[in-house]
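Please look through the model below with its cross-links in mind, both the covalent ones and those between charged side chains.

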Amino acid sequence: MIGVIYDNAYLEHKPPRNHVENPSRILAVIKSISDAAIIERPINNVDDWLLKVHDPNYVRQVDEACGMGYVFIDADTYVSPGTCRAARLAVGAVMRGIDKVLGGEWSAAYAVVRPPGHHVGRGGRALMAPTQGFCIFNNVAIGAVYALEHGINKVAILDIDVHHGNGTQEIFYEDPRVLYVSLHQDPLTIYPGTGFIDDVGEGEGEGFNVNVPLPPFTADDAYMKALDRIVWPIIDEFRPQIILVSLGFDAHMLDNIANLRLSLNTYAHIFRRLRDMIGRIKGVVFVLEGGYNVDVLGRGSRLLVDIMSNKDAEVDEGVTQTDPRVMARVNSVIRDVVSVQRNYWHLT
Ligand SMILES: [Zn+2]
């Protein structure tokens, strides 16, 4: 069964002017799932955990910005008076979900949170990205650390947001206990400009970072091929005890912020595949990242809840097909990723 973690405080992270990352996103999510899942509140006191991932100076800067009214801290990312509480409770939602899953109460959790987190590194901007991409604290990364300090030795983070999770990659780049796998739009064509095939981790962490950069216009058939050839075999071989998902709905074809062409069929495929792992793993914690089409956010979230609850879930969209020229490029990306990752994993 799946439980949801949510708090109205997330609505108090408010943009100073029109912005794609706004409260209507999670209102749409909650509206679509409130009759189908239990909703719990996040853990409140998270400051000790914040500091296990973020520099104290960075946390202080964020807190100061929250005292300044409605301000932009970079070209994309805003802070409002309610942001500091919302961002802490976003972290607390992931921690609550991990508690529920590790305690055996839920097999899956969905942290319906904002602000998102995967672009933020230890000290703010990560890997020389131009901005923090709407993110304040790295919710999923703090969740991974929390799991590691609660009896878990191996965490897999699957990042299916259309953007590369540069913050998460940076934080765990030398850590073999956390496998970071990201599928994202080619960084040469989109923010944050990071996430290349050769980024495999460093030191002890070498081999535990997997990037699959996909060309614009990649559709369902090609994306699922990349999942089947690279992502599922590596996660299976790693044998995580828990999987955290950076869940972005911005890879959907109706999302205007990016250029992939997925339908909800790919999301359904991912949700079913993860559901079928439960038993071998303690559970899955989904953490909302991006996704800026409120209709897709609502329908996709409902699909997640229904599939994880073992209900029949119909996808009311056709499977999208990749143009042959784009497919040729995807095939070459898959070949390149396999040839790099074959040094660490049994890939064919
Ligand atoms: Zn995104």
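Lys52 and Glu149 meet through their side chains in a salt bridge, with 3.1 Å from N to O, where a salt bridge is a side-chain nitrogen of Lys or Arg within 4 Å of a carboxyl oxygen of Asp or Glu. This pair links distant parts of the chain, 97 residues apart, since Lys52 is in helix H2 while Glu149 is in the loop between helix H5 (139-148) and strand E8 (155-159); helices (H or I, at least four residues) and strands (E, at least two) are DSSP runs, numbered from the N terminus. Lys52 is partly exposed at 36% relative accessibility, and Glu149 is likewise partly exposed, at 45%, on a scale where buried means under 20% relative accessible area, exposed over 50%, and partly exposed in between (1.4 Å probe, protein chains only).

The model is predicted, so that local features need pLDDT of at least 70 and side-chain atom pairs count only at pLDDT 80 or more, whereas totals for chains, interfaces and linings use all residues. Residues are numbered from 1 along each chain as its sequence is written, and side-chain values use heavy atoms, with hydrogens and water left out.

A search of the whole structure finds 20 salt bridges. Among them is the one between Arg41 and Asp7, at 2.8 Å from N to O, which connects the loop between strand E2 (38-40) and helix H2 (47-53), where Arg41 sits, to the loop between strand E1 (2-5) and helix H1 (24-33), where Asp7 sits, 34 residues apart. Asp7 is buried, with a relative accessible area of 6%.

Asp236 and Arg273 form a salt bridge in which the closest N and O atoms are 2.9 Å apart. Because Asp236 lies in helix H7 (residues 220-238) and Arg273 in helix H8 (residues 264-275), this pair ties together parts that are 37 residues apart in sequence. Asp236 is partly exposed at 28% relative accessibility, and Arg273 is partly exposed at 23%. Elsewhere, a network of salt bridges links Asp35, Arg302, Asp306 and Lys311.

The structure also holds one disulfide, a disulfide being a pair of cysteine sulfur atoms within 2.5 Å. Cys66 and Cys84 form this link, with their sulfur atoms 2.0 Å apart. Since Cys66 lies in helix H3 (residues 56-66) and Cys84 in helix H4 (residues 83-102), the pair ties together parts that are 18 residues apart in sequence. The link is right-handed, with 90 degrees about the S-S bond, and both Cys66 and Cys84 are buried. Cys135, by contrast, is in no disulfide, and the nearest cysteine sulfur, that of Cys66, is 15 Å away; Cys135 counts as buried, at 0% relative accessibility.
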